[in-house]
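Here are my notes on the structure you sent. They are set out as numbered points, to be read beside the coordinates.

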Amino acid sequence: MKSPIDNFLPKSFPHGSITQFFGENPDLYNRFGLKAHNGIDIVNDWDSPVYAVESGEIIDTKRSPDGYGRQVRILSGGNQWTYGHLEQILVKVGQQVKAGDKI
């Protein structure tokens, strides 16, 4: 699997790139009907390139005023990856991407 951003450090921020791990903060996410956080939040500097971690098909791109802002969703086998809070979107729905492609 390709790192999702340059200089990715799989540790908690501020010593690494992850601001929230899967399964954290159950009290916060109960109000949304979730048992806990259902993803991994990664931080990096503004304008950092973002890469597909697995090969797959772009199934959604949009800009939402709430939630993820500019976002891309990739379907890869049984996995669905959501990339949110993007500065720009470089892919289109239906496009095939390879692991490591800039999205």
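Predicted model: local features only at pLDDT ≥ 70, side-chain atom pairs only at ≥ 80, totals over all residues.

1. Side-chain atom pairs count only at pLDDT 80 or more.

2. Sheet order. Four strands form an open sheet in the order β5-β4-β3-β6, and the pairing is antiparallel. The edges are taken by β5 (79-83) and β6 (96-97); each has a single partner strand, so one side of each has no neighbour in the sheet. For orientation, strands of a sheet pair through backbone hydrogen bonds, either parallel or antiparallel.

3. The β3/β6 pair. Strand β3, residues 56-63, pairs with β6 in the antiparallel sense over 2 bridges. On this side of the sheet, E57 has Q96 of β6 as its bridge partner, and G56 stands opposite V97 in β6.

4. The β3/β4 pair. Here the strands run antiparallel and are joined by 6 bridges. T61 stands opposite V72 in β4. The hairpin of these two strands has 6 residues between them, and in it G67 takes a positive phi near 80°.

5. The β4/β5 pair. Strand β4, residues 70-76, pairs with β5 over 5 bridges, again in the antiparallel sense. S76 has N79 in β5 as its bridge partner. In this hairpin 2 residues lie between the strands, and G77 has a positive phi near 60°.

6. Core. The largest nonpolar core has 12 residues: I5, V50, A52, V53, I58, V72, I74, Y83, L86, V91, V97 and I103. What does I58, one of these residues, contact beyond its neighbours within four places in sequence? The contacts are V72, R73, I74, V91, K92, V93, G94, Q95 and V97. Among them, V72, I74, V91 and V97 are also members of the core.

7. The largest pocket holds about 1,400 Å³ of space. It is lined by 41 residues, and those closest to its centre are I40, I42, T82, Y83 and G84. The elements that give two or more residues to this lining are β2 (41-42) and β5, with β5 giving the most, at 5 residues. By type, the lining divides into 22 nonpolar, 12 polar and 7 charged residues.

8. S17. Leaving aside neighbours within four places in sequence, S17 contacts I5, N7, F8, L9, K11, D41, I42 and V43.

9. K98. This residue is placed in the segment after β6. K98 counts as exposed because its relative accessibility is 59%, and the cut-off for exposed is over 50%. The C-alpha atoms of K98 and H15 are separated by 29 Å, with the two residues 83 apart along the chain.

Technical notes:
Residues numbered from 1 in each chain as written. Heavy atoms only, no water. Core = buried A, V, L, I, M, F, W, Y, C linked by side-chain atoms within 4.5 Å. Buried < 20%, exposed > 50% of the residue type's maximum accessible area, 1.4 Å probe, protein only. Contact = heavy atoms within 4.5 Å. Pairing = 2+ DSSP bridges. 1 Å grid on protein atoms, 1.4 Å probe; cavity = no way out; pocket = protein on both sides within 12 Å on 5 of 7 lines; lining within 4 Å. Points joined across faces, edges and corners; volume = space filled by probe spheres on them. Nonpolar A, V, L, I, M, F, W, Y, C, P; charged D, E, K, R; others polar.
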